[in-house]
Amino acid sequence: MRNVKSVGIFAATVVAVSMLASIPATQAAPQKIDYSTCNSLAACGGMDALVKAAQKEGKLNVITLPRDWANYGEAMDLFSKAFGIKITDDNPDGSSAYEIQTIRTAPKSKVPDAVDVGITYGADNANLFSPYKVVNWKDITPTYKDSAGRWYGDYAGVIALSYDSSIPKAPTSFSDLKDPAFKNMVAIGGDPSGAQEALMSVFAANLSSGGTTDNVQPGVDYFKTLKNSGNFVTALASGQNFLAGAYKVSFSWSFNGPGAVATAAKAGKTVKYVIPSDAVIKGTPYIMAIPFNAPHPAAARLWTEFLYSENKGLGSTNLGSVKGLTGSQIFAKINGGQNIWISGGALPIEYDAMVAKKTNAPAPDGYQIPAGAKIVTPTPAQQDTAKALLKTQWPAIAGN
């Protein structure tokens, strides 16, 4: 009788040899990911791969990000603590123009990995940016994103009232400022025909006065009334002038609030912020983009994913150890960048989508949008029309 086991082994060996003969002598290695060109998390190999690559780079260059602006300090601290990536912040008080110039002229190692610039600087310099669409791309307001993903809005401010808590009457609306109780107290941050915060202050006053975004004449008339009553002062609304006593109440971006409150406290003053009940004007958003020549492209993409995430996780002070966790596990554990901006008094670009999904964190005291309020954002064209009107009429208001 033949050995069945031996026959089976022989047959299996023949099959194995024939299979090996059909395999090419050399197989292509898995394709290496180019983190300077991958344009989505999937194209970058997924979160675990992206985190690993970013940690290998070990650094992230950011630029013109004041720590007290929209709570960027917390965002940077949490990112560094969670992923072990060192962040260098070049010229925190610089301008959008400085950011663009740095991309163009700085040595490769000094180029920012991500920029946060005014909207025109994003659209006008799209050729400097690398396409990348974050996971929450669909939640970004369509009006404020490049179709290829080269730039997109990140957050905006709402015009709030900042006031010294020592004044007899706390304002809760723009119309309150017409009260004689605010004589010699009210200022704005510059000429509204050129300064964005001041321009949006006029739009806010306009809306509270029954005006529309197509015609800011009621807003101009509002300031004429304040000037004629003696309530409006021509001193520039600035930290220095406030501490000098030049004014007590000012129109201000909401995301400047936490920093202004902290600065005033160091000088022994208590400043409070309130979103007025009679008008909610939101400015056009700032723009996030990744330069094409970013020296740490994986870290740049991880930073961007973090800022556009909607997590309700842990902050830098209570994150604890992340040892042994995968990149995706760490990412799921940390607080989302969109909610960090909310905690800094800003309205993130994904705010409407987050409210619908109930993923938004509550705004801090003083920065809550009044219940039922309609949030209005003047278009760039409406802003240009308003500037043209203000160029002719504002000099009479600003004059002494």
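Which residue forms a salt bridge with Asp-139, and how far apart are the closest N and O atoms? The legends below begin with that pair. The model is predicted: local features need pLDDT of at least 70 and side-chain atom pairs count only at pLDDT 80 or more, while totals for chains, interfaces and linings use all residues. Residues are numbered from 1 along each chain as its sequence is written, and side-chain values use heavy atoms, with hydrogens and water left out.

**View 1. Salt bridge of Asp-139 and Lys-357.** Asp-139 pairs with Lys-357, with 2.6 Å between the closest N and O atoms. A salt bridge here is a side-chain nitrogen of Lys or Arg within 4 Å of a carboxyl oxygen of Asp or Glu. Asp-139 sits in the loop between helix H5 (119–124) and strand S4 (152–153), and Lys-357 in helix H13 (residues 351–357), so the bridge ties together parts 218 residues apart in sequence. Helices (H or I, at least four residues) and strands (E, at least two) are DSSP runs, numbered from the N terminus. Asp-139 is buried at 11% relative accessible area, whereas Lys-357 is partly exposed at 40%. Buried means under 20% relative accessible area, exposed over 50%, and partly exposed in between (1.4 Å probe, protein chains only).

**View 2. Salt bridges of Asp-146 with Arg-150 and of Lys-224 with Asp-221.** The search of the whole structure finds eight salt bridges. In one of them, the side chains of Asp-146 and Arg-150 meet with an N to O distance of 2.9 Å. Asp-146 is buried, at 9% relative accessibility, and Arg-150 is partly exposed, at 29%. In the bridge of Lys-224 with Asp-221, the closest N and O atoms are 4.0 Å apart. These two residues, Lys-224 and Asp-221, are three residues apart in helix H7 (residues 217–229), a separation of about one helical turn. Lys-224 is partly exposed, with a relative accessible area of 30%, and Asp-221 is also partly exposed, at 33%. Elsewhere, salt bridges that share partners join Asp-139, Glu-310 and Lys-357 into one network.

**View 3. Disulfide of Cys-38 and Cys-44.** The count of disulfides (pairs of cysteine sulfur atoms within 2.5 Å) comes to one. The S to S distance between Cys-38 and Cys-44 is 2.0 Å. The link is right-handed, with 85° about the S-S bond. Cys-38 is buried at 5% relative accessible area, and Cys-44 is buried at 0%.

**View 4. Packing of H7 against helix H14 (residues 380–398).** The two helices pack at an angle of about 5°, with their axes 10 Å apart. Axes are lines fitted to C-alpha atoms, for helices over the stretch in contact, and angles run from 0 to 180 degrees between N-to-C directions. H7 and H14 are therefore roughly parallel (angles under 35 degrees). Contact (heavy atoms within 4.5 Å) involves H7 residues including Val-220, Phe-223 and Lys-224, and H14 residues including Leu-389, Trp-394 and Ile-397.

**View 5. Positive phi at Ala-70 and Lys-358.** Ala-70 is not a glycine, yet has a positive phi of about 55°. Ala-70 lies in the loop between strand S1 (59–63) and helix H3 (72–83), and is buried at 0% relative accessible area. Lys-358 has a positive phi near 60°. The loop between H13 and strand S13 (375–376) holds Lys-358, which is exposed at 69% relative accessible area.

Methods:
Angles under 35 degrees count as roughly parallel, over 145 as roughly antiparallel, 65 to 115 as roughly perpendicular and the rest as oblique.
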